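Please open the model in the viewer and keep the selection panel at hand.

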6 protein chains.
Amino acid sequence: MVSGGSAWPDSVLAVMGHPDDAELWAGGALALHAEHGARVAIVVASHGPVRDAEAAAGAAVLGAEIHSVPELQSEVLAGILRSLRPEVLITHSLTDTHPDHHRTGRTVLEALPDPVIETGRPRRVYGCETYNGLTLDGPTSPGTIIDVSSTFAKKRRALSVHNSQPIEDHFGPMAETLARLWGARIGVAYAEQFTPIPVLGRLPSISHL
Amino acid sequence: MVSGGSAWPDSVLAVMGHPDDAELWAGGALALHAEHGARVAIVVASHGPVRDAEAAAGAAVLGAEIHSVPELQSEVLAGILRSLRPEVLITHSLTDTHPDHHRTGRTVLEALPDPVIETGRPRRVYGCETYNGLTLDGPTSPGTIIDVSSTFAKKRRALSVHNSQPIEDHFGPMAETLARLWGARIGVAYAEQFTPIPVLGRLPSISHL
Amino acid sequence: MVSGGSAWPDSVLAVMGHPDDAELWAGGALALHAEHGARVAIVVASHGPVRDAEAAAGAAVLGAEIHSVPELQSEVLAGILRSLRPEVLITHSLTDTHPDHHRTGRTVLEALPDPVIETGRPRRVYGCETYNGLTLDGPTSPGTIIDVSSTFAKKRRALSVHNSQPIEDHFGPMAETLARLWGARIGVAYAEQFTPIPVLGRLPSISHL
Amino acid sequence: MVSGGSAWPDSVLAVMGHPDDAELWAGGALALHAEHGARVAIVVASHGPVRDAEAAAGAAVLGAEIHSVPELQSEVLAGILRSLRPEVLITHSLTDTHPDHHRTGRTVLEALPDPVIETGRPRRVYGCETYNGLTLDGPTSPGTIIDVSSTFAKKRRALSVHNSQPIEDHFGPMAETLARLWGARIGVAYAEQFTPIPVLGRLPSISHL
Amino acid sequence: MVSGGSAWPDSVLAVMGHPDDAELWAGGALALHAEHGARVAIVVASHGPVRDAEAAAGAAVLGAEIHSVPELQSEVLAGILRSLRPEVLITHSLTDTHPDHHRTGRTVLEALPDPVIETGRPRRVYGCETYNGLTLDGPTSPGTIIDVSSTFAKKRRALSVHNSQPIEDHFGPMAETLARLWGARIGVAYAEQFTPIPVLGRLPSISHL
Amino acid sequence: MVSGGSAWPDSVLAVMGHPDDAELWAGGALALHAEHGARVAIVVASHGPVRDAEAAAGAAVLGAEIHSVPELQSEVLAGILRSLRPEVLITHSLTDTHPDHHRTGRTVLEALPDPVIETGRPRRVYGCETYNGLTLDGPTSPGTIIDVSSTFAKKRRALSVHNSQPIEDHFGPMAETLARLWGARIGVAYAEQFTPIPVLGRLPSISHL
């Protein structure tokens, strides 16, 4: 497994439950990886023309391509994994309090083994943050914290295209508070948190302390 | 706080309870960082001429300097921290089952705040592995896993100079099993595990997923 | 044990490690309880005339009396507990990362049994928040969350009198982020978090769901 | 979110897996809330005429209305939530060892988001105790402990109407032991335990320490 | 419940997701119990003629009978439990990272209550180890550790009949490392780890310390 | 390490903080081991003639010898360990809420390494229950549960000799409730709980599932 600390991954795939989840929970990291040359893709279930258009617009701001699927099923997802062969995969935490998030994470887990055995990818899998940082097991623990100070404005812009959603009075402030908290925890302005998920007994490593 | 994923640290300090602890729990990582240009130092309480000489010989194999102190006290340690200004600090887990290890970790925690506020260093602090990977809170959790395949032979050589200790029939096999386990968990031959410890609310970050 | 949900406590005592800790970690709740008629007291070790004066000024803003002691020792503290007989006691978490905080919490634990057996007080004991919400065991867990929206301005004023400390660029923003996070978690502007600590097998209760 | 510590909730809904679960795990609290003016309702899947009649009789003792549904499905439950708009919702723990309990808790989680967004209710959600206080994650943790000394006799009477079940030699003694344990933990004769579950990032708060 | 420390169980049933799982995660313990007179059975979903034949051969080496089922369903499994009435049941951890394992464990949990109420069996239920000892909740915790030094060679032989699988370069070394780790943790050459799972509030006991 | 499931230990040593702690937390297990031929000893700090006499009387009921020491110090304790060479050691949990208990457990931990390396004993170390089953980390977890139904009456008699203590209205009922709870968890009338503590990386094992 290539160390998480050496080279930037060539590709990152985010599989999310709702059209604004990629922006909300991982937008800073996705934009950062796109700026460093990674092919960034987002898979999300179609939520009708309005929200699908918002998802496409948000992805464009992040520098990501978007794959809208009628329904998130493990077979569909396994096919996408075989095709895209992402080095890094991001999805919702398996203890996320939102049932759509939990179900998405579970579907990703279902889809993983065969593509991993066949293609060796994804090499690293992460769960992302959730509502006010509260999972069913308590507050999100530090795992992998990424400085997104340089892309936080882009994240906020990507979020703001979701006009059908309560961004200004709800999700925007939540994203701001969580990013400030994780930022404070690593001594920068803004950060995002990810939790490594073992895949067939493998976890990410780091090149140095 | 400089991200853990960007550049190799310029200096690493290990504060350990016994003369062979640096080799046993962090020898692969210390040698690796020394090979990448970091100034590596080990602080350990003097255990008499025989074991002190073994400690010096082991440190030499790892490429580290050794600082033998009469007793590990927080004031002494704070002085060393102010003088060496290590970017990275390694010590025993605060839930280590061995009382000497626990006490060492606690002393390090006592010594940290003032030097950190004054010098900004250490920037990152880690607890290391322990006997059969069992702390008072259960098995050591993944935190930061480092591939030490390239320096594991050096670690074993450094361990083997501790002639007064039961290396061949006890500590050597333990180091081998633990390094294989953590290695398997990141898909390499040998690895070492470290657990980030927050310092004044700060944790290590990583540059990318 | 009087239920935490019925009547406001008649007295609250905060035992803290540094002169600005009461404001920083519990200032909103202390001011709130003072406004509701509780006698609020703060015990802190003397840190010299400048900081002691700041502590006195901060306590005055919160509506609290302050007890400066030469050193926080369990015998001294037991005497204060027997004298003040606080219904509620607040101190640092026993897994706080700061050694002074940890030591203070441990001293409180040492002092508790005899006064509790003799006087029946304190009835409820809580640990408070810490640097960026990170203890040695991970992020602070929800336990008891208190809405301090109505006293947060007072908390900020009390903090700001600590001129010798880096309030504006460090502790103030940290307090703001943590209070926003806990506030969001209960749907208000600002909140503070406390963790019940069992005393001789007793925990706080609540009158209704 | 109205604080858990201010006024008694106007309505409480318990969604349970079996006809005697409401009595067994939450009977004291349900009766207590009914006595304080809350509308208390129980939703349970029909288990045939004998057990359904026992459920109705038990609910009557507690002062609760009962809603028997052919099958606990999230759509059905969402409809009931929109209709009853309970301020408080109680269900089984998501780590309950009994598969029917786990499934019920999961169904409740599935049903929650839309009614919460639409109606703002339930405002607080709790998981309840389980067999001998053992979940899949270990013993039930303190969360919210309620003094039910005044309604424990009513709980035992409500339990005893379930003639088809092994109440006298099994569930009755279990309820007695668990209520004594939680009672001892808050210094009263009998208590029941509940665990707050975050809903869209929101948890219950308390008005004072 | 008969204490786990008194007499050897008369029967052990392992319900596993894949044809080589019984050997991989519990082979040493199954062979040991068979040698001590227990009837040992393995239930696994059919994976086609090649793997089914390997499963039969592996079971034969362990001294176990094998029950191949078209699909692992809770009703099917409940029937097998009623028929075999195993004293001990082993299955995958409910937090196993492999979706097939997780699903198998969940199916076992679904099947348990009725047979347990009707027949009093199984008396004890355990989850087994998993890939590199990593569950979704972190490293496998010590629970029940069994010395399998005397049957480890048999386990390796049973594993080696699974010619269609990457035994020599992957599963064999993993089994070796995990067995050495758990062995070191109890001071023997090889051991296996099991985690007690509560069944209707019951856990295994032990006759003496 | 001899498996915990094979033969009864030849000797058990309990090191406790107060004169009635052995009876309260481990009295059933101590009496049981004494009845099965183990030499059972209790070490406790002297608490004056009245309580020391009660301790002696209580130990006599349990079938144990008592060693009263002026103060529990690690050097003193190490000497006792070298002299008695107990196969099993019991002490307070390291996260016990009572400061005397915590300190006792910590002293035991300090005393252990040298005697263990020199004599190979104690082979197994356990923490015991505490006030209402509540440690600083939450409720006591299942670890090792022992059926003490046959010796519970003896435990209650041993407790009742502590006339200076509030046995009838406080400690007796607490012991009853905890023993019923743990008993219910293994399907017997009364049980006691113990938590294995790793010693130099070693934990107890069990001979069979």
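Select chain C and chain D together: the two bury about 2600 Å² between them, 64% of it on carbon and sulfur atoms. Buried area here is the accessible area (1.4 Å probe) that two parts lose on being put together, summed over both. Next highlight Ile206(C), His208(C) and Leu209(C), which supply 34% of the area that chain C buries against chain D, more than any other three residues.

This is a predicted model, in which local features need pLDDT of at least 70 and side-chain atom pairs count only at pLDDT 80 or more, whereas totals for chains, interfaces and linings use all residues. Residues are numbered from 1 along each chain as its sequence is written, chains are lettered from A and ligands numbered from 1 in the order in which they are written, and side-chain values use heavy atoms, with hydrogens and water left out.

Remain at the interface of chains C and D. In contact (heavy atoms within 4.5 Å) are 32 residues of chain C and 32 residues of chain D. The rule finds 12 residue pairs in polar contact across this interface, both residues at pLDDT 80 or more; a polar contact is a pair of N or O atoms within 3.5 Å, where within protein one must be able to donate a hydrogen and the other to accept it, and residues adjacent in sequence count only if both atoms are side-chain atoms. Salt bridges (a side-chain nitrogen of Lys or Arg within 4 Å of a carboxyl oxygen of Asp or Glu) number 0 across the interface.

Over all chains, however, the structure holds 72 salt bridges. Select Asp20(A) and Arg51(A), a salt bridge whose closest N and O atoms are 3.4 Å apart. Both Asp20(A) and Arg51(A) are buried, where buried means under 20% relative accessible area, exposed over 50%, and partly exposed in between (1.4 Å probe, protein chains only).

Move to chain C and select Arg103(C) with Asp100(C), whose salt bridge has its closest N and O atoms 3.3 Å apart. Arg103(C) counts as partly exposed because its relative accessibility is 38%, and Asp100(C) likewise counts as partly exposed, at 24%.

In chain D, select Lys154(D) and Glu35(D), a salt bridge with its closest N and O atoms 2.7 Å apart. Lys154(D) is partly exposed, with a relative accessible area of 22%, and Glu35(D) is also partly exposed, at 43%.

Finally, return to chain A and select Asp10(A), Glu87(A), Arg121(A) and Arg124(A), which are linked in a network of salt bridges.
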